[in-house]
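Please open the model in a viewer and keep the sequence panel at hand.

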Amino acid sequence: MDTTAVPVADLRQVPDLQGLPDETFEWFAEHGEYAEFVVGEKMFESGQVAEKMTILLGGAMQLLFEVGGQHLLVDTLRGGRITGLLPYSRMTHHTGMGLVVEPVRAVIVHRRDFSSMLATSEELGQRLVALMSDRVREGTRMAQQREKLMALGKLSAGLAHELNNPAAAIRRSVADLQERIAQLPGLVARMTEHRVSAEQVRLASEVKKEVADESLEALSPLVRSEREDELADRLEGLGVEDGWRLAETLVESGFTPECLDDIAAEVPEDAVPDVLRWIEGGLAADRLLAEIGSAAGRISDLVASVKTYSHMDQAPDKQLTAIAPGIDSTVTMLGHKFKKKDIHFVRSIPEDLPVVPAYPGELNQVWTNLLDNALDAVVEGGAIGISAEVAGPFLCVYVSDDGAGIPAEIQSRIFEPFFTTKGVGEGSGLGLDVVRRIVVNQHGGTLALDSQPGRTVFKVCLPLHDE
């Protein structure tokens with residue numbers, strides 16, 4: 001960084017300083033520090049103490065925030081912009097990094113000189129306060145957007161995982177079904193050659209239907225294996241080569257050796273193997289179609305959850321909203337994390353809860369952040385609960401977990417923006433700040449925390465009436 005005299009002529013071209021009295025620029029010339037920064041140099045870093053206001057005269061600097069271990073570009077500041085610490089700001093440390101991407105020329109004013117600077121011009125103070133307000137609004141908007149994108153990333157990964165299982169099941173079942181269907185014409189042709197009559201086919205089909213309609217209790221692996229061995233032996237006794245291949249499907253459909261004998265008694269002896277293969281092929285096709293239907297239903301349920309979660313096709317204004325569907329869709333969207341940690345989840349939400357005036361999509365962000373934090377807090381096999389009740393003029397929702405808890409000395413800070421109890425790169429520190437703003441600012445509700453080792457409860461209370 002090179003230094004020299006402050007170029008007052010360039011300062012006069014800065015939009016936020018134009019038209020100020022001459023004595024103000026004289027003050028900058030006397031107390032300001034001119035500096036030049038080269039490409040690749042860091043003008044400040046995240047976590048560094050904020051003690052300077054920087055007026056950019058030329059060049060360009062990127063403002064980068066670290067999110068999830070990666071640097072996210074927030075803004076590119078060029079000549080004419082004022083950045084860094086501003087008078088009256090409560091900022092103590094930089095929350096991002098300033099990286100020079102084009103050679104920068106700047107004038108720097110130290111915190112210790114702020115009082116003297118403001119004394120030169122009341123209008124300068126007003127302009128800097130307005131600038132700070134604009135920056136706070138923009139920072140809040142960008143923080144909300146980053147948090148939404150991070151939440152969307154988590155949910156997208158979970159949804160992709162959840163969709164992959166039924167999609168893979170459909171692919172496998174379709175491939176198996178195609179193979180089964182391809183075998184059927186040959187079996188029918190051989191049955192015709194064996195002079196199997198239509199009446200014999202009908203009788204064999206009736207046996208198949210009667211057995212398949214019976215409700216079987218779930219079999220233990222040992223009992224199932226024993227039955228398959230028994231049925232495979234009988235199949236081979238009836239002339240079916242590789243009878244063990246058919247045994248699994250037939251046992252699953254409730255067949256016994258006696259059922260096979262009943263079918264064998266209705267058809268010519270030399271046709272028995274082909275008739276049994278035809279029956280097994282039909283049962284397998286039915287089973288595969290049921291699996292395809294179940295997997296497709298699961299995909300439909302997930303899509304419905306996405307629609308409920310995002311509140312597609314609904315007005316952006318407040319609506320009378322039932323909280324249960326949003327909570328349930330959020331749990332579905334986070335289902336992969338519940339499964340991965342083998343979470344014991346307890347849902348205790350009465351069916352007769354009243355609706356509340358709310359922004360449904362915003363409330364789903366609240367449930368997402370609270371449940372995701374709870375999932376991060378518990379160990380594998382831990383417990384998470386969500387319950388709700390009416391308490392006076394409020395509908396209160398409780399999200400609890402049995403994790404290690406939040407230390408008492410930091411509980412008062414957890415709703416502050418950028419404050420996080422997670423490790424570096426693991427959390428943005430914005431989730432609970434988003435929850436606070438949605439519950440308190442947007443909905444006029446209250447938000448409370450009760451935490452000790454082994455039990456943490458977040459209490460969200462929403463007004464029953466929009467006053």
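**Stop one: a glycine and its contacts**

Select Gly-382 and display its surroundings: leaving aside residues up to four places away in sequence, Gly-382 touches Lys-341, Asp-342, Ile-343, His-344 and Asp-402 (contact means heavy atoms within 4.5 Å). The model is predicted, so local features need pLDDT of at least 70 and side-chain atom pairs count only at pLDDT 80 or more, whereas totals for chains, interfaces and linings use all residues. Residues are numbered from 1 along each chain as its sequence is written, and side-chain values use heavy atoms, with hydrogens and water left out.

Gly-382 lies in the loop between helix H12 (360–377) and strand E10 (383–391); helices (H or I, at least four residues) and strands (E, at least two) are DSSP runs, numbered from the N terminus. With a relative accessible area of 4%, Gly-382 is buried (buried means under 20% relative accessible area, exposed over 50%, partly exposed in between, with a 1.4 Å probe and protein chains only).

**Stop two: helix H6**

Next, select residues 221–237, which form helix H6. Which residues of H6 are buried? They are Leu-231, Ala-232 and Leu-235. These three cover an arc of only 110 degrees around the axis, which puts them on the same side of H6; the arc is that of the directions from the helix axis to the C-beta atoms. Turn to the other side of H6 to find Leu-222, Asp-233 and Gly-237 exposed.

**Stop three: strand E5**

Finally, select Thr-83 in strand E5 (residues 82–84). Thr-83 counts as buried, at 9% relative accessibility.

Definitions and conventions. The expected span of a helix is 1.5 Å times one less than its number of residues.
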